Amino acid sequence: MKGFKALTPIAEAQRVIINAAAHKPAAGRVPTPQSVGLYAAEDVVAPVDVPPFDRAAFDGYAVRSADTLGASRTNPITLKKTGKVVTGGEYQGALGPGEAVEIATGAPLPRGADAVVPYEEAADRGDYIEVYRPVPQYYYVSRRGEDVTAGEVVLKRGRRIKPWDVGVLASLGIREVSVYRVRAALISTGSELVELEEAPPPPGRIINSTRHVITALLRDMGVEVSYMGIVPDDEEKIRNAVSKALSSHDIVITTGGVSVGEPDYVVKAVARLKPEVLIHGIAARPGRPNSAAVVNGKPVVMLSGFPVASIVGFEVFVKPIILHMVGAREEPAPVVKATLTRRVTTPINVRSFVRVRVVRRDGRLYAEPLAVTGSGVLSTLTRGNGLLIIPENREGYDEGEEVEVLLLGPVEG
Ligand SMILES: Nc1nc2c(c(=O)[nH]1)N[C@H]1C(S)=C(S)[C@@H](COP(=O)(O)OP(=O)(O)OC[C@H]3O[C@@H](n4cnc5c(N)ncnc54)[C@H](O)[C@@H]3O)O[C@H]1N2
Ligand code: MOO
């Protein structure tokens with residue numbers, strides 16, 4: 001009989017593939033400013049303190065805190081002005097007892113000083129200042145190493161580097177950082193496909209749009225994508241293309257040809273490469289034909305050709321595999337609670353991904369399930385702005401139920 005045998009539950013499919021995918025991508029050094037969005041391949045330890053010296057946190061006067069003891073409104077303390085230090089400069093000499101040095105925010109504290117009295121808390125009397133209250137040690141002072149202390153781990157292996165991480169690395173003088181270079185090969189299968197450049201397509205042919213969805217999703221994870229072109233529905237050609245791609249990439253992704261129809265040669269072709277494990281089909285809707293295998297420790301993900309199903313396959317296989325390879329954790333997606341406007345029925349033992357439109361009415365959020373949810377209807381993702389994920393142990397949700405929706409875009413209203 002043709003057709004899928006038992007569909008593997010998503011969690012089990014992920015476990016099987018990830019456990020077998022032993023291959024690790026290579027690391028390489030990139031200039032720090034170009035590391036944003038990539039995954040750190042090693043822990044980075046601060047070589048120095050930041051700030052590198054005690055510095056003023058406010059504009060005012062550098063003083064010795066002990067000199068201000070007992071100061072009050074009625075009995076101010078008088079300190080002699082002995083100079084000025086600007087940001088980027090350095091005070092020559094040391095601050096003696098009874099002295100004050102005018103100081104700018106960010107300037108190094110003169111030797112002998114241990115506090116800053118902001119302009120607002122002192123009165124300038126020409127040659128001297130009056131201070132009206134006692135100030136504690138390190139008042140308005142950023143201490144050396146207060147931001148980062150030398151020896152501290154500032155970047156953990158597997159962390160996806162953020163814009164502010166680049167700032168921290170730069171402030172420490174770290175010019176290069178070691179990151180994982182994940183190289184993915186993408187093979188589109190399907191004799192009906194033509195590339196976007198060839199649009200409009202001849203009758204019966206389809207533009208290869210899934211290629212661009214998957215490429216964008218991969219690039220969004222900082223992955224280097226080699227596009228290997230369209231391979232026709234031919235088992236031998238597919239096998240050769242996958243085998244060749246495996247030799248020089250960390251992960252091979254194919255699209256199309258994975259259901260049980262006559263031209264669906266991809267799973268058969270990959271099976272001939274003697275994979276350690278192979279999962280054909282998952283208990284997901286949409287996205288049922290998404291499949292994956294591991295060949296010599298390297299993952300081969302066989303995504304559905306249908307764009308929406310391929311996105312589910314990306315989330316189920318590609319993303320977790322890549323995160324595992326680089327030792328990263330998934331960053332939580334934005335989730336909102338919303339009231340369902342219509343009942344949704346889904347099959348038991350299948351994880352369903354229902355596209356919804358979240359709207360705000362009278363200050364409350366509502367989730368409207370979209371009418372057309374076919375796996376080929378990509379526009380539901382652009383028209384909608386959310387995904388309602390219905391777990392395997394539910395057969396849907398009732399109208400009026402509060403549900404959690406994964407937000408994919410802004411909420412109107
Ligand atoms: N007898 C059965 N038939 C089907 C089953 C089944 O269980 N039994 N499953 C159905 C489900 S569910 C899905 S989803 C589709 C998916 O099939 P494939 O992933 O193998 O995809 P293809 O057959 O290659 O193509 C499906 C569809 O998508 C278009 N396509 C393919 N590649 C691209 C691309 N790169 N860009 C844009 N569009 C693409 C293709 O032209 C087809 O229209 O199978 C059901 N059948
Ligand atoms: O699994 Mo298919 O993606 O439901 O249409």
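## Arg 351 and its neighbours

Leave aside residues up to four places away in sequence, and Arg 351 touches Ile 10, Ala 283, Ala 284, Ile 389, Ile 390, Pro 391 and Glu 392. Touching, or being in contact, means that the C-beta atoms of two residues, placed from the backbone, lie within 7 Å. Arg 351 sits in strand S24 (residues 351-361). Helices (H or I, at least four residues) and strands (E, at least two) are DSSP runs, numbered from the N terminus.

Is Arg 351 buried or exposed? Arg 351 counts as buried because it has 22 C-beta neighbours inside 10 Å. The cut-offs go like this: buried takes 20 or more other C-beta atoms within 10 Å of a residue's own, exposed takes 12 or fewer, and partly exposed is in between, with C-beta atoms placed from the backbone. As for a residue elsewhere in the chain, Glu 42 is 309 residues away in sequence from Arg 351, and their C-alpha atoms are separated by 36 Å.

## What you're looking at

This is a predicted model, where local features need pLDDT of at least 70 and side-chain atom pairs count only at pLDDT 80 or more, while totals for chains, interfaces and linings use all residues. Residues are numbered from 1 along each chain as its sequence is written, chains are lettered from A, and ligands are numbered from 1 in the order in which they are written.

The chain splits into domain 1 (10-25 + 182-325), domain 2 (37-50 + 147-179), domain 3 (55-142) and domain 4 (335-407), with bounds from an automatic or database domain assignment. Taken over C-alpha atoms, the centres of domain 2 and domain 4 are 40 Å apart.

## Around ligand 1

Ligand 1 is surrounded by 29 residues, and the closest are Thr 210, Gly 256, Ser 259, Ser 304 and Gly 305. A residue is near a molecule or strand if its C-beta atom, placed from the backbone, lies within 6 Å of it. Helix H3 (210-220) and helix H6 (307-325) each give at least two residues to this shell.

## Helix H4

Helix H4 (residues 235-247) has 13 residues, which should span 18 Å at 1.5 Å a residue; the end C-alpha atoms of H4 are 19 Å apart, which agrees. The expected span is 1.5 Å times one less than the number of residues. Ile 238, Ala 241, Val 242, Ala 245 and Leu 246 of H4 are buried. Looking down the axis of H4, these buried residues fall within an arc of 130°, so they line one face of the helix. The arc is that of the directions from the helix axis to the C-beta atoms.

The packing partners of the buried residues of H4 are strand S13 (183-189), strand S16 (224-231), strand S17 (251-255), helix H5 (266-271), strand S20 (291-295) and strand S21 (298-303).

Most residues other than glycine have a negative phi, and most peptide bonds are trans. Which peptide bond is cis, with omega near 0°? That's the bond from Ala 199 to Pro 200, and Pro 200 lies in the loop between strand S14 (193-194) and strand S15 (206-207). Another cis peptide bond joins Arg 285 and Pro 286, with omega about -5°. Pro 286 is in the loop between strand S19 (284-285) and S20.

Tyr 140 isn't a glycine, yet has a positive phi of about 50°. Tyr 140 lies in the loop between strand S9 (128-131) and strand S10 (141-142), and counts as partly exposed, with 19 C-beta neighbours inside 10 Å. Asn 349 also has a positive phi, near 65°. Asn 349 is in the loop between strand S23 (344-345) and S24, and is exposed, with 10 other C-beta atoms within 10 Å.
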